[in-house]
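Take a look at the model below.

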Amino acid sequence: PLWLDEQSTARVVAGSPDLAALWNTGSADGYLHPPLAYLGQWLATRGAPEPTPFRLRLPAAVAGLLSLALLAALGALVFDRATGLVAAGLMAVSIYHVDYSQEARPYMAAMALTLGHYTALFAWLERGHVRWLACFAACAVLALYTHHLALIHVAVSAGVAAALALGIGRSRRAWKPLAVALGCVALAYVPQISNLVGFLSSEEITARHTLALGPRFLHAAVQRWGSGAGATTLLYEACFLAGALHIAVRRDATALALFGWVAGPLA
């Protein structure tokens, strides 16, 4: 019942008797994933005689459901509640979201953590409570240790946060708490650098494309995360274009900052 990549997850989990062993994931999977990529599956299978497909896939299902709630919250925070519900609804019927939410891989955990750190960032910009910065930093660090692509997302969000916090746009929040939060993220990431270097220097095709997705990324993302193919892909692209036009008309700096999320992987 487990397909090839899921079998890799099962092997890493079964071969990690404790957290110290799990931390050395890089040497077990060719540095394709950071150390915490398999943490959810490792926790879900503790105490079981063997890592069953249900237990291995459960963390992805939980993260997939959590992603829907976080996207709804992000949409409501930046736009309004209706926008958040529409966005979450489109994600809920995305065939790839449904598929990856049933797969024993780290993609849904990375999705939930990325949504979490963006939601916390915009909540801080909107409300100013330091606890949101703490949540932002925690989600950012966990994302960096869960998937290599988070390196782009966290770098983009850090730039967006710094720009908005320094007064480019409507935010007038003090920049010192943000600087402390970003400094904590950077310091917490230092032990991961060796794993990232191993990933980039490997011969795997994944290493060559994860951090350089190319100019066709947006259309490919719509195809993969929308309907997969066919005319319904146009629905997702139409929603994106309509939203982009609405943001441009509003000239809302906070909303415009979301484009960094899309443009980041194209850099």
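H8 passes H9 in a left-handed crossing. This is a predicted model. H8 covers residues 107-127, and H9 covers residues 130-144. Their axes come within 8 Å and cross at roughly 160°. Angles over 145 degrees count as roughly antiparallel, so H8 is roughly antiparallel to H9.

Which residues meet in this contact? On the H8 side they are Leu 113, Gly 116, His 117, Ala 120, Leu 121, Ala 123, Trp 124 and Arg 127. On the H9 side they are Trp 132, Leu 133, Cys 135, Phe 136, Cys 139, Ala 140, Leu 142 and Ala 143. By type, the residues of the contact of H8 with H9 divide into 13 nonpolar, two polar and one charged.

Now the whole chain. The secondary structure comes to 17 helices and zero strands. Other totals are in the table.

| Property of the chain | Value |
|---|---|
| Residues that count as buried | 43% of 267 residues |
| Contacts joining residues at least 24 apart | 71% of contacts between residues at least 6 apart in sequence |
| Accessible surface | about 13,400 Å² |
| Part of that surface belonging to carbon and sulfur atoms | 68% |

Last, one residue. Val 13 is found in helix H1, residues 4-14. Is Val 13 buried or exposed? Val 13 counts as buried, because its relative accessibility is 1%, and buried means under 20%. Leaving out residues up to four places away in sequence, Val 13 touches Tyr 38, Gln 41, Trp 42, Thr 45, Arg 46 and Leu 56. Trp 42 lies 29 residues from Val 13 along the chain, yet their C-alpha atoms are separated by 5.4 Å.

Note on methods. Residues numbered from 1 in each chain as written. Predicted model: local features only at pLDDT ≥ 70, side-chain atom pairs only at ≥ 80, totals over all residues. Heavy atoms only, no water. Axes fitted to C-alpha atoms, helices over the stretch in contact; angles between N-to-C directions. Helix = DSSP H or I, 4+ residues; strand = E, 2+ residues; numbered from the N terminus. Parallel < 35°, antiparallel > 145°, perpendicular 65-115°, else oblique. Left-handed = near helix turned anticlockwise from the far one by under 90°. Contact = heavy atoms within 4.5 Å. Nonpolar A, V, L, I, M, F, W, Y, C, P; charged D, E, K, R; others polar. Buried < 20%, exposed > 50% of the residue type's maximum accessible area, 1.4 Å probe, protein only. Areas by Shrake-Rupley, 256 points an atom, 1.4 Å probe, with all protein chains shown as cover.
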